[in-house]
Structure formats: C-alpha cells, structure tokens
Amino acid sequence: TVHRACPSLARVGVAGLHQEQGKSDRFTLADKYRGLEKNVWVEFIQLALEHQPLNLGQGLPDDLVPTYVVDSLRDVVNDPSVFMHQYTRGFGHPRLVGAIANLYTRLLGRNTPIDPVKEVLVTDGAYEALFTAVMGHVNPGDEVIIIEPYFDCYEPMVRLAGGTPVFISLKPTKEEGVVSSGDWKLDMEELKNVFTSKTKAIIFNNPNNPLGKVFSADEI
C-alpha cells in the first residue's frame with residue numbers, strides 16, 4: 001500500500017527542522033574564531049596517551065612544591081587580619097612590580113628607571129601576557145611579524161585581534177658537521193623587507209620556542 005504524505009504535515013516538519021537549526025546556530029563558535037578552534041597540544045596529549053612516548057613537548061613537574069612555599073601559603077591563609085584576605089592590585093602587587101622594575105632597569109641598561117606603576121604588568125603566566133599585549137595593541141589591519149618556527153598560540157592571537165601575521169623564518173647557516181640551534185639565523189635583508197607602514201609589532205621569543213636558539217647581542 002502506498003500512502004501519500006500530507007503536504008501540511010510536511011510543511012510543519014520542515015518548519016520545525018528550521019527552528020531547531022536556528023536554535024543550534026545561536027551556540028556555534030563565533031565567526032572570529034573560525035579556523036582557530038584547533039590546538040596542537042590537544043592532539044599531542046592524545047597521541048602521548050595512546051603511544052606513551054617520552055614527552056619532551058610539555059613541562060610536566062615531577063617534584064613537590066618546596067616546603068617554604070607551602071608554609072608561607074599556610075601562614076597567609078591562617079592570618080586573622082581581614083586585610084590579608086582582599087583582592088590584590090589587579091596589575092601586580094606593589095612590592096612585586098617595584099622589584100621587577102628595579103631588576104629590568106638594570107638588565108636592560110635603561111638610562112631612566114622603569115615606572116613600576118605604568119610600565120609593568122603582572123599576569124598569570126606567559127600565555128596571558130602575550131594575549132593581553134596582542135589584544136591591547138593590535139588593531140584590525142595591523143601586521144605582526146612572527147619568527148618561524150614559533151609557539152602555536154602566536155598566530156591565532158594575532159588573527160583574533162584582527163591583525164595579519166607576517167612570517168619570516170630562521171634558516172640554517174650550515175648543513176655539515178655539528179649543527180646547533182645557534183646556526184639558525186634570520187636573513188637581515190629579508191627582515192628589513194617584511195617591515196611595512198602597517199607593521200605594529202614583532203613577536204621576539206628568546207630563546208626561541210621550539211628551536212631553543214639563543215639570539216646573540218648583535219642579532220638582538
């Protein structure tokens with residue numbers, strides 16, 4: 001027996017399908033993240049779990065926190081003063097930013113001291129420091145130079161800010177005998193040529209991650 005579908009029921013079914021699709025579209029990834037949703041470390045972690053290699057790609061501590069750190073944390077937590085249990089300064093504790101400013105004024109050979117209040121920002125790790133620096137300075141259309149090979153987060157951060165990554169590669173200067181990371185260098189003429197009127201920044205990682213190259217004073 002052949003039954004003909006009711007047109008009105010068919011229309012209701014199609015309309016319901018479109019409504020469900022409309023609801024799901026509301027929760028899809030924002031357009032600005034298109035192409036950036038994948039992370040190489042998610043893939044590496046899964047491969048490490050499956051094949052059990054010696055994982056040199058991630059820093060996995062195998063020792064305990066020093067006793068003096070635990071003791072200091074305990075003392076703060078047990079302190080009866082309510083003033084010890086407040087939000088600290090969001091840009092970094094005053095004593096900490098002061099110490100950082102003094103240290104880097106000397107290390108960078110600055111003629112004028114670094115202002116700890118206006119020139120130092122403390123973050124929860126290097127990843128956040130990179131993110132805040134890129135998002136706070138890069139506008140749509142700006143170009144950011146990235147030295148290859150590079151840590152995987154540089155490019156998506158620049159693209160998320162609306163910037164355009166411009167890549168330049170470290171190249172080996174020798175191919176025979178013992179070749180170290182120090183033998184990988186930038187072509188200075190090529191570096192000059194990638195700078196344009198749209199250049200906002202260059203991401204300079206020293207030592208280079210993942211190559212391990214330490215740039216010489218002349219290169220810097």
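This is a predicted model: local features need pLDDT of at least 70, side-chain atom pairs count only at pLDDT 80 or more; totals for chains, interfaces and linings use all residues.
Buried means under 20% relative accessible area, exposed means over 50%, and partly exposed lies in between, with a 1.4 Å probe and protein chains only as cover.

Residues are numbered from 1 along each chain as its sequence is written, and side-chain values use heavy atoms, with hydrogens and water left out.

**The strands around β1**

Helices (H or I, at least four residues) and strands (E, at least two) are DSSP runs, numbered from the N terminus, and two strands pair if DSSP finds at least two bridges between them. Strand β1, residues 143-148, runs parallel to strand β2, residues 164-169, and six bridges join the two. Between β1 and β2 the chain passes through helix α6, residues 154-160, in a β-α-β crossover that is right-handed; the term applies if, with the strands pointing away from the viewer, the path from the first strand over the helix to the second runs clockwise. Within this pairing, Ile145 stands opposite Val166 of β2, and Ile147 faces Ile168 of β2.

Strand β1 also pairs with strand β5, residues 199-203, in the parallel sense, here over four bridges. The bridge partner of Ile146 in β5 is Ile203. As background to these positions, side chains in a regular strand alternate between the two faces of the sheet.

Most residues other than glycine have a negative phi, and most peptide bonds are trans. Another cis bond joins Asn206 and Pro207, with omega about 0°, and Pro207 belongs to the segment after β5.

Helix α2, residues 40-51, has twelve residues and reaches 16 Å from its first C-alpha to its last, close to the 16 Å expected at 1.5 Å a residue, where the expected span is 1.5 Å times one less than the number of residues. The residue that follows α2 is Gln52, whose phi is positive, near 55°. Gln52 is found in the loop between α2 and α3, and it is exposed, with a relative accessible area of 61%.

**Salt bridges**

A salt bridge is a side-chain nitrogen of Lys or Arg within 4 Å of a carboxyl oxygen of Asp or Glu; the structure holds eight of them.

| Pair | N to O distance |
|---|---|
| Asp71 and Arg74 | 3.3 Å |
| Lys171 and Glu190 | 2.9 Å |
| Glu189 and Lys192 | 3.5 Å |

Asp71 and Arg74 both lie in helix α3, three residues apart, about one turn of the helix, and together with Asp75 they are linked in a network of salt bridges. Asp71 is partly exposed, with a relative accessible area of 27%, and Arg74 is likewise partly exposed, at 43%.

The side chains of Lys171 and Glu190 also meet in a salt bridge. That pair links distant parts of the chain, with Lys171 in strand β3 (residues 171-172) and Glu190 in helix α7 (residues 188-194), 19 residues apart. Lys171 is partly exposed at 36%, and Glu190 is partly exposed at 29%.

Glu189 and Lys192 are three residues apart in helix α7 and are therefore separated by about one helical turn. Glu189 counts as partly exposed at 48% relative accessibility, whereas Lys192 is exposed at 55%. An α-helix has 3.6 residues a turn, so residues three or four places apart point the same way.

**A nonpolar surface patch**

Val65, Tyr68, Val69 and Val70 make a nonpolar surface patch of about 390 Å². Patches are made of residues with over 30% relative accessible area and no salt bridge, like charges being joined within 9 Å and nonpolar side chains (Val, Leu, Ile, Met, Phe, Trp, Tyr) within 5 Å; accessible areas come from the Shrake-Rupley method with a 1.4 Å probe, and for residues only the protein chains shown count as cover. Tyr68 has its place in helix α3, residues 67-78, and counts as exposed at 60% relative accessibility.
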